[in-house]
Amino acid sequence: QGRANKMGSFFTLVSIENMKLWKRISTKVMFLIMIILILAATGVYKYYTVSQKVPNTIKVSQNWKQELQTNIVLQKIELKQAQGSTNKMAKASIGSLEKVIAEGEYSVKNNIKPETQKNVWSRSTDFASKAGYGGIIALFVIIACTALVAGEFSEGTMKMMISRPYKRYEILSAKLVSTIIYGLELLVATFLLNFVMMGILFGFSGMGAKEMLWTSSSIIYVPAALKTIIVFLLDYLQVLNYVIIAFAISAISRSRSIATGFSLFLLFVGSGIVQLLAIFFSWGKYLPLGMSNFSAFVTSGAPIGGITMTYAIVLSAIYFVIFAFAGFYVFEKRDI
């Protein structure tokens, strides 16, 4: 009974934080901007394909299987050269080559002919990646997170929260959960609107299609709809990396500008630098954010040879716990 009451009390607190978040004009504006961006981006893309007469179908040779087998032989030679090379950039291509070879062999073995036209799911996923929706969602969620945590310090409302009959870790947990929920709301809205717009503009062909899904070690044949959902969820896992950093810095520094600025620097610059370090130095693969682009493991192969998606997710989970602990610890110990 006591545990149920405690859970109910926490959910009430999450509801309060969620309400506070949505009361902010910036929260509503960011959601509206996301909708406008998707409508504009898909519209511009449709205009471009029509004006440039981009073909909607892909030519597939009658001898596609023989051609694919020839390509696999060449790709295996290229893979062997990359594995034995001392060039770091060459080694970075190992993951993508392994994926392409595995897909080719699976197609030949199971007689899966390449599609002459992209299905609506793959078209939706490809465009979402090119449009950079994941980065935009991360940007908006970081702003929401710093407003909900560091913003309350600068606005002086954190003291009022502390005076209520809630423990500090409960208050901070509710803020983190509310931020994650806001990110999920953005993700779902982006996924649905992008899919609907791509379907309206290019057709809903291939709704029941199946596609190959690379798991870093093998190929599984799954519905294209499931693959699309997996890619979007993996993109959101990457967003959570930046959210927890923004959350920790907000709780430690109490400065919204510092938390937002540093988090955005990591989002747009820092992660790229860390990934380069991971490519050129063996110790770089243990750094945070360097391999947080989880969807890339599925769509284009491991960014660094020998690294699996499981390793990348586990490493990110460890840093998630470390940053979260730092934020909670400082928030518990410091005077408000």
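Guide: Happy to! A cavity here is a set of grid points where a 1.4 Å probe fits but cannot get out, and a residue counts as lining when it has an atom within 4 Å of such a point. Please keep in mind that this is a predicted model.

With a cut-off of 30 Å³ or more, the count comes to 2 cavities. Let's begin with the second largest cavity, which has a volume of about 30 Å³. Its lining includes a run of neighbours in the numbering, Leu287, Pro288, Leu289, Gly290, Met291 and Ser292. Ala312, Leu315, Ser316 and Tyr319 line this cavity too. By class, these lining residues are 7 nonpolar and 3 polar, with no charged ones.

Now for the largest cavity, which holds about 60 Å³ of space.

Which helices supply at least two residues each to the lining of the largest cavity? They are helix H11 (224–253) and helix H14 (309–333). H14 gives the most, with 4 residues. By class, the lining of the largest cavity has 7 nonpolar and 2 polar residues, and again no charged ones.

Methods: Residues are numbered from 1 along each chain as its sequence is written. This is a predicted model: local features need pLDDT of at least 70, side-chain atom pairs count only at pLDDT 80 or more; totals for chains, interfaces and linings use all residues. Side-chain values use heavy atoms; hydrogens and water are left out. On a 1 Å grid over the protein atoms alone, a cavity is a set of points where a 1.4 Å probe fits but cannot get out, and a pocket is an open set with protein on both sides within 12 Å along at least five of seven lines; lining residues have an atom within 4 Å of a point. Grid points are joined across faces, edges and corners, and a volume is the space filled by probe spheres set on the points. Ala, Val, Leu, Ile, Met, Phe, Trp, Tyr, Cys and Pro count as nonpolar, Asp, Glu, Lys and Arg as charged, and the others, Gly among them, as polar.
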